[in-house]
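My entries follow in the order in which I looked.

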Amino acid sequence: GKLKSFLRPLAEKKIRISLFVSPELKQIEAASRVGATVVELNTGTFCDLLIAEEKEKYLVEFEKLTKAANFGQKLDLEIHGGHGLTYESVKYIASIPEMTELNIGHFLIGESIFIGLKKTIKTFRKIIK
């Protein structure tokens, strides 16, 4: 109730509302119910498991992200993904058809220190395509 009442004035002014959520169906449904038009799925757990090379676990988490994205789209939410994305992990997340935006901040800036921002962005764009 409290979040919905806070978000209502924004929605009335046609301001896009995006909520950062875990890839849990209950959280996605709640985001829709309180007026969000966008959800950013937290990809951090997947990315951590991928780095740790825990294949069985990261594949389960990838399936959760895929199902969450599909569910969110069925609720007319725009689906974004982010948190912990790297050159390796973005390949997986970008392959989820419902993903319309990827938020790649920390790794992108860190990598750009070594190879430059332009080259880092070009590398990500090539991987994502």
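I noted the angle for α6 (residues 106-115) and α7 (residues 117-128) as about 125 degrees, with the axes 7 Å apart. The axes are lines fitted to C-alpha atoms, for helices over the stretch in contact, and the angles run from 0 to 180 degrees between N-to-C directions.

Before going on I wrote down the terms of the model. It is a predicted model, in which local features need pLDDT of at least 70 and side-chain atom pairs count only at pLDDT 80 or more, while totals for chains, interfaces and linings use all residues. Residues are numbered from 1 along each chain as its sequence is written, and side-chain values use heavy atoms, with hydrogens and water left out.

**α6 and α7, continued.** I found the crossing of α6 and α7 to be right-handed; that is, the near helix is turned clockwise from the far one by less than a right angle, anticlockwise being left-handed. On the α6 side I listed F107, L108, I109, E111, S112 and I115, which meet L117, K119, T120, I121 and F124 of α7. Contact here means heavy atoms within 4.5 Å. By class I have seven nonpolar, two polar and two charged residues. Ala, Val, Leu, Ile, Met, Phe, Trp, Tyr, Cys and Pro count as nonpolar, Asp, Glu, Lys and Arg as charged, and the others, Gly among them, as polar.

**Aromatic pairs.** How many aromatic pairs does a search of the whole structure find? I got eight. One is F107 with F124: the ring centres are 5.8 Å apart and the planes stand at 85 degrees, so the pair is edge-to-face. Rings of Phe, Tyr and Trp (its six-membered ring) pair if their centres lie within 6.5 Å; planes under 30 degrees apart are stacked, over 60 edge-to-face, the rest tilted. F107 lies in α6 and F124 in α7, 17 residues apart.

**α5 and α7.** I then took helix α5 (residues 87-94), whose axis comes within 9 Å of that of α7 and crosses at roughly 40 degrees. That makes α5 oblique to α7. I listed Y87, V90, K91 and A94 of α5 against T120, T123, F124, I127 and I128 of α7. These divide into six nonpolar, two polar and one charged.

**Whole chain.** I counted seven helices and four strands. Helices (H or I, at least four residues) and strands (E, at least two) are DSSP runs, numbered from the N terminus.

**Sheet.** The four strands form an open sheet in the order β1-β2-β3-β4, with parallel pairing; strands pair if DSSP finds at least two bridges between them. I marked β1 (18-21) and β4 (99-103) as the edge strands, each pairing on one side only. The twist averages 25 degrees from one strand to the next. Between β1 and β2 (residues 38-42) I found four bridges, and V21 has L41 in β2 as its bridge partner. α2 packs on the sheet, touching β1 and β2, with its direction at about 165 degrees to that of β1.

**α2 and α4.** Last, I looked up α2 (residues 25-33) and α4 (residues 55-74), which pack at about 25 degrees with axes 10 Å apart. That makes α2 roughly parallel to α4. L25, I28 and E29 of α2 make the contact with K67, A68, F71 and G72 of α4.

Definitions and conventions. Parallel < 35°, antiparallel > 145°, perpendicular 65-115°, else oblique.
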